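Biologist: Could you walk me through this model? Keep it short, please.

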Amino acid sequence: MIDVHLTPDHAFRALSADARAGLTADPKWLAPKWFYDARGSELFEEITRLPEYYPTRAEREILEARAGEIARLTGARTLVELGSGSSEKTRLLLDGLRGRGAGEAPAEPGPLTTFVPLDVSESALRDAARAITADYPGLVVHGVVGDFTEHLDRLPGDAPRVVAFLGGTIGNLLPDERAEFFASVREVLEPGEWLLLGTDLVKDPDVLVAAYDDSAGVTAEFNRNVLRVLNRRLGADFEVDAFSHVAVWDAENEWIEMHLRADRAMSVLVPQIGLEIEFAAGEELSTEISAKFRREGVEAELDKAGFSPGAWWTDSEDRFALSLWRAGSVHE
Ligand code: AVJ
């Protein structure tokens, strides 16, 4: 079953509003969620296999080691995954929550009944839901096409639920947006339900920049894909190859910033929203921030949102953290 909260019409209006706001701003910006059409989702999957892009492998290592522990600590009956994409890593969690090691037959079935993947990409969601349904007989798969900053209000499934937000996608939100997001997750959960959060950690800037500027140029294609999305959906005439990929480490804010730099002066028409925009030679359009975290910072943000700490795990090289948070103060 798939609930579509982001209808094509809603998505079109949201993209139009975002494109208008971002392309008329100074400096210009576009929100990262618009990367993920079918091709963008595929390019991201390709990124996760690049030698430079360690976060996916680091998080998988933690999930492999901790899925059983997560099951024991939470007793989850429902797993909600926000920004689920291909749901590849989710299988490790599903295996743990259903009381079996990867590939093993369940020794004792876990209490998990329902999986709720939520993603903006309908194509990625349908593929993932189909594959999980086939491989996990008896599991109710209730997909939601939606935006995790907007459509959290009606998450289906029996309590206790675990809301998983993996991959470090939380880093795409600005600090204020993050606070709002954590508060809205807390609001939909009852005391005693859980948030499982993946955060990439602050580390050597060379390692970080390489992860966002790979030598095969896949991230550059992923970045430019947002212009293809505007061309197709808003009838824009961006000359995609006239924009260069830029990834920089902002040491003060502790985030990676991705930009598209206009190689020369250009004017671009966006007919569907009646816009003509000018780019100066060398002008940069900001397309994504990917914040990196420290344990103290994550703890402070989650405490402020009304969660208490459940667990903090890192990979063997301390590059990435997976943390578990219980909705409610320690007394609730
Ligand atoms: C999918 C948001 C976790 O920020 O690392 C990968 C997206 N951007 N390479 C990230 C991304 C450039 C990714 N997230």
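**His142 and the cores**

Modeller: Let me start with His142. Leaving out residues up to four places away in sequence, His142 touches Met1, Asp3, Phe115, Val116, Pro117 and Pro156; contact means heavy atoms within 4.5 Å. This is a predicted model, where local features need pLDDT of at least 70, side-chain atom pairs count only at pLDDT 80 or more, and totals for chains, interfaces and linings use all residues. Residues are numbered from 1 along each chain as its sequence is written, and side-chain values use heavy atoms, with hydrogens and water left out.

Biologist: Is His142 buried or exposed?

Modeller: Buried, with a relative accessible area of 13%. Buried means under 20%, exposed over 50%, partly exposed in between (1.4 Å probe, protein chains only).

Biologist: Which side chain makes a polar contact with that of His142?

Modeller: Asp3, at 2.9 Å. A polar contact is a pair of N or O atoms within 3.5 Å; within protein, one must be able to donate a hydrogen and the other to accept it, and residues adjacent in sequence count only if both atoms are side-chain atoms.

Biologist: New topic. How many residues are in the largest nonpolar core?

Modeller: 42. Leu23, Leu230 and Phe238 are among those with the most contacts inside it. Such a core is a set of buried Ala, Val, Leu, Ile, Met, Phe, Trp, Tyr and Cys residues joined through side-chain atoms within 4.5 Å.

Biologist: Which element gives the most?

Modeller: α8, with 7 residues. A second, separate core of 32 residues includes Leu118 and Val163.

Biologist: And how much of the chain is buried?

Modeller: Buried residues make up 53% of the 332.

Conventions: Helix = DSSP H or I, 4+ residues; strand = E, 2+ residues; numbered from the N terminus.
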